[in-house]
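Here is a chain to go through by question and answer. Each reply sets a value against its definition.

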Amino acid sequence: MKIIVLFALTLLCATPLYAQENLRQDQFDKSLVMDYIQEQQFDKIIRYLEETVKPQHTNGLSLLANAYFQAGQPAQAENNYKRVLELDSNHIAANQHLGILARNQKNHAQSVVYFERLLKLRPNNAAYLKQLGNACANVVGMQDTAFYYMKQAYALNPRDVGVVTFLGAEYLDRKDFAMADSVLKTYYAADSSQLTVSTLLIRSAYLQKNFRNVTVYGEHLLSRRTIDPMACSFLAVSHYALKQYDSCIRVHNEMMAIIRAAPETVKYYAALSYSEKRQFDSSNALLQECIDMAKSQTLDSYYTAMAGNYEQMKQYRTAIKHYDTAYYLFHDPMRQYGIARIYDQYMQDPVRAKRFYQQFVKDAKPEGKDEVNIHNYAKERLKNL
């Protein structure tokens with residue numbers, strides 16, 4: 001609600017002289033509008049402004065458009081913001097919200113147009129560079145342009161974790177480990193609390209076979225009781241490679257204590273570690289669990305059902321985490337399809353969607369009509385991403 005109030009204050013108070021003149025001509029009751037905003041009574045704001053706003057006054061139209069936007073009426077918001085742009089093509093709020101509305105409608109090419117206009121108006125605004133970069137990342141053929149804008153955004157604001165993780169993942173995909181580590185480690189030195197940064201550092205170190213760094217970053221996550229299945233898998237393998245058998249076993253035990261589950265990889269290397277310690281009964285017990293995991297899909301079903309619930313609740317990142325956990329436990333390609341679908345349909349992230357669709361198409365061995373149809377859909381969808 002603070003954002004809404006601040007936006008309203010910007011419109012009502014911090015306006016240029018010509019906008020203040022518009023306010024006088026429209027004869028707003030500031031106190032009444034602010035009361036409605038504080039109580040989030042957008043329907044009342046809309047009724048009041050529809051009777052007050054004059055069609056030639058950009059500030060009143062913008063406030064009306066924002067009320068429609070906040071009330072969840074995107075078509076009316078879009079129409080009024082476009083009326084604002086007809087009067088003033090450089091109107092900041094109108095371009096911003098039209099870009100957001102286009103993005104929400106998955107019209108990423110159009111959102112690029114509005115965000116580019118914003119950047120021309122404020123060429124050194126890190127936030128505008130970031131949102132333009134994200135928009136470009138969702139347009140086929142503009143990935144390099146997205147990368148360019150994100151690098152500019154990073155130069156202006158290296159503390160933006162969204163930009164840092166975008167660049168870190170992009171550099172890793174390009175196998176530019178030096179740049180990935182530079183961006184990620186710089187941020188990590190100032191703030192080590194971000195899971196996404198830590199997991200990217202772990203992935204980078206693992207791909208470079210720098211097992212000691214994997215253990216440094218991975219153990220820090222464990223110390224915070226933060227469990228990421230992929231990171232823990234890399235951590236267990238790294239401890240084993242360094243002959244740190246007790247630590248490898250501890251990774252498994254920590255996962256079991258915190259989330260009552262561990263990926264097959266973690267169990268397997270813990271079993272090998274018990275064997276190195278000549279504790280063969282413990283090793284065999286874990287190896288039997290690995291065998292049982294390979295046979296049973298019950299736990300996979302639990303995580304998948306939870307992922308579906310979170311998806312319905314529109315908690316998409318949490319849903320992805322549960323699909324990801326299910327995948328690392330049982331390696332069912334359908335979980336990768338679930339992740340791809342969320343990135344594609346709900347998060348408007350075609351780059352990541354494409355990555356998971358490709359992996360799904362590669363790994364899946366469809367059985368039955370439904371699975372064949374899903375596999376064919378994923379192949380067709382890849383052609384349009």
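Q: What makes Arg278 exposed, and where is Arg278 found?
A: Arg278 is found in the loop between H17 and helix H18 (280-295); helices here are DSSP runs of H or I with at least four residues, numbered from the N terminus. Exposed means over 50% relative accessible area, buried under 20%, and partly exposed in between, with a 1.4 Å probe and protein chains only. Arg278 has 65% relative accessibility, so Arg278 counts as exposed. Its phi is near 65 degrees, a positive value in a residue other than glycine.

Q: How do you know which numbering and which residues apply?
A: The model is predicted, with local features needing pLDDT of at least 70, side-chain atom pairs counting only at pLDDT 80 or more, and totals for chains, interfaces and linings using all residues. Residues are numbered from 1 along each chain as its sequence is written, and side-chain values use heavy atoms, without hydrogens and water.

Q: Why is the phi of Arg260 worth a remark?
A: Most residues other than glycine have a negative phi. Arg260 is not a glycine, yet has a positive phi of about 60 degrees. Arg260 lies in the loop between helix H16 (245-259) and helix H17 (264-276). At 72% relative accessibility, Arg260 also counts as exposed.

Q: Why is H13 called roughly antiparallel to H14?
A: Helix H13 (residues 195-207) and helix H14 (residues 211-223) pack at an angle of about 160 degrees, with axes 8 Å apart. Angles over 145 degrees count as roughly antiparallel, so H13 is roughly antiparallel to H14.

Technical notes: Axes are lines fitted to C-alpha atoms, for helices over the stretch in contact, and angles run from 0 to 180 degrees between N-to-C directions. Helices (H or I, at least four residues) and strands (E, at least two) are DSSP runs, numbered from the N terminus. Angles under 35 degrees count as roughly parallel, over 145 as roughly antiparallel, 65 to 115 as roughly perpendicular and the rest as oblique.
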